[in-house]
Amino acid sequence: MMKRIFALLLCAATLLTTLVGCDKKDDEYKGQYITTYLTDDVYDLDPAHAYNNEALANVVGLMFDTLFKLDEKGKVKKSLVKEYKIHEDDNAEEYYMEIYLKDTCWSDGTPISANDVVFAWKRLLEVDANYEAACLLFDIKNARAAKEGDMSIDDVAIYPEEPQMLKVTFEGPIDYDHFIRNLTSLALAPLRENVVTKSDDWAKKPGTMVCSGPFKLSRVNLKLDPSVKYYDETHKEFDEILGEYVYGKDCSQQVITDFMLERNNYYYRDAEEDSLFKSVKPYKICVDCSMTDEQLLAAYDAGMIMYIGDIPMSLRKDTSIAKAAEKESYSLSTNSIYLNQKAMIDDGTEEGYALFADAKVRQALSMVIDRQALAEAIVYAEAATGLIPTGVYETDSIKKKFRAACDASYTALNVDEDAAKALLREAGITASKYSFSITCAAYDEVHCFVAETVAEAWNKLGFNVTVNKRGTIVNNDYYKHTDSTPADICDDLYAEDFRAARFEAIVFDYVAPSTDAFSMLAPFAKTFSGRGMDMSDPENYILTPHITGYDSADYNNLMEQIHAQKTISKRADMYREAEAMLMEDMPIIPIVFNYHATVTSSQLKSVSSTYFLSANFQKAKISKYDDYLAKGKEFITNNFADLKFTEANDCAYKEFEAFKTANTVYSQFFLDEKEELQSAAAAK
């Protein structure tokens, strides 16, 4: 987690054109502002991309609704779905569901329709798309065939029979409860085609996205830091001397300082007839990403920060935040490392060597990682004993978790440096010959800590390992609808490298798209990888294996057997066999199981949670709101001189009086003063 200097958000903010009262119960009152620190910076809020960072889903889950949801106890509840009907006719070999949607709208007032579900699902199944969650839909008739290029995407049996009714036809009889549980996944949330198809960056800024959940993105503030550069090999710029576009540039870092989530006024609400507070109580969730750890602790102690969703590492022991933390032992993600088996590792020759293609090398690298020490340092983690994390079901019921039912001990997850060196000798590897990097997100302090610790362990084996911290830069993507390149979003080089497999080793969170182990195990099989197909030869489409290049015939066959077993309760032993095979072949190195740990102020009431979402602010309310506003105002007033960004000469709000009348994540604490100034100005 990379902290920002607090007051730079002041420079990035824009002036308010109108203001509303905070605690006045009149026609102008829109609701409470709740100041939080939700998570690390988030740069892409596309639900289909919410599975490489365990904290990201806690933001995306506030903005997008799913057809069904899992409550805090893991029980399936209807969400967007009003009702559904299952039809089975063995004689006619017809098996389908009719799904009827509730009446609700996107954040721009457009009704959510069956077409939005169809588009979102077919998007995952496009033959050239890269989405691991595609396998969640493979029970649907022709879904796999379309993904493999053998049928048109139009042949996938998902049809909007009516504006609010969807018909889904299956290949044969299936476990319908299992399919419905899959529909709780954020990856399968409905999306608007006319929004998503405008730009690859549609989910990065308020003006290009609409949301179906209780909140929408209303503002993102950015700061540029020219002192930090990242080389972006995809960046193109016109060279006047050469007269052509050249690629590759050292680009300045650009990061988010703060963002706001605002009530979706159309979320299960008639905007003309219903109370503004019918479905969503707060007006805005104000998220500050800019504070140092010390400033965050002080703001929490002062009663200004109401919720912390991702506790900084330095505050996880012996602080008031650590003492107030609510920790849950289960998670749905495993901090892990991918090893790119296709990467040609520098061995002093011109060609390089595919070092990670050898399973013995992968096992050796795993066996020198001290997972227990890492878990203790991270605090909210547990040493990984396998790949599937602690919150995933064994098969079809929360009553039995996969980890609790798995007593296997995997050799490659135990620390044994001597055995690791022996494996390298067996593989004929002289470690000192090889140099490679381990990539991590520069803005995620846990990932950086893991990368640095693991690199140190690998260096002790004799390898020359460096840490490649990849951050965010000023966007360079052309936006065809405005004939421009938007500068108000960031390009996440880490995410782009990850999705394009431009890494040798990479740290990430392997997040379960659903509660079923299949969702995490299946993508390692070629036919379930979700990767876009190689269609360079239209006469011979080539299936693409897992992003790491892992391609095991035995594993592929096992996953086919698992998928063919439609009685989900009978899959348990096969799931354990699949995990054991992965822990032997080691295409992914599990490090720690992540824990959920959050802090909620005693003043913040009615914050609920679901199985996937740590904090749902839909009904949240701050008790003694006037006291909260007073404490926030006092904290900012007393600490402004220390917090402001004095080195920014062009900062519009360096002076406190200017700051108080600006639109920032803290403007709610000074609304009364601004109203007085506006009234005085109007009187003149």
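**Aromatic rings**

Visitor: How many aromatic pairs does the structure hold?
Guide: The structure holds 34 aromatic pairs. Please note that this is a predicted model.

Visitor: Could you show me an example?
Guide: One of them joins Tyr-434 and Phe-463, with 6.4 Å from centre to centre and 55° between the planes, and this pair is tilted.

Visitor: Which parts of the chain does that pair link?
Guide: The pair links distant parts, 29 residues apart. Tyr-434 lies in the loop between α11 (417–426) and β15 (435–441), and Phe-463 lies in the loop between α12 (445–460) and β16 (464–470).

Visitor: Is Tyr-434 buried or exposed? And what about Phe-463?
Guide: Tyr-434 has a relative accessible area of 4%, so this residue is buried. Phe-463 counts as buried because its relative accessibility is 3%.

Visitor: What about Tyr-550 and Tyr-555?
Guide: Tyr-550 and Tyr-555 form an edge-to-face pair, with centres 6.0 Å apart and 65° between the planes. Tyr-550 is buried at 4% relative accessible area, and Tyr-555 is buried at 0%.

Visitor: Which residues do ring pairs link into a cluster?
Guide: The cluster consists of Tyr-338, Tyr-494, Phe-498, Phe-503, Phe-508, Tyr-510 and Phe-524.

Visitor: New topic: what lies over the face of Tyr-96?
Guide: Lys-167 does, at 4.3 Å from the ring centre.

Visitor: And which residue has its charged end over the ring of Phe-518?
Guide: That residue is Arg-571, whose charged end sits 5.2 Å from the centre of the Phe-518 ring.

Definitions and conventions
Residues are numbered from 1 along each chain as its sequence is written. This is a predicted model: local features need pLDDT of at least 70, side-chain atom pairs count only at pLDDT 80 or more; totals for chains, interfaces and linings use all residues. Side-chain values use heavy atoms; hydrogens and water are left out. Rings of Phe, Tyr and Trp (its six-membered ring) pair if their centres lie within 6.5 Å; planes under 30 degrees apart count as stacked, over 60 as edge-to-face and the rest as tilted. Helices (H or I, at least four residues) and strands (E, at least two) are DSSP runs, numbered from the N terminus. Buried means under 20% relative accessible area, exposed over 50%, partly exposed in between (1.4 Å probe, protein chains only). A charge sits over a ring if NZ of Lys or CZ of Arg is within 6 Å of the ring centre and within 35 degrees of the ring normal.
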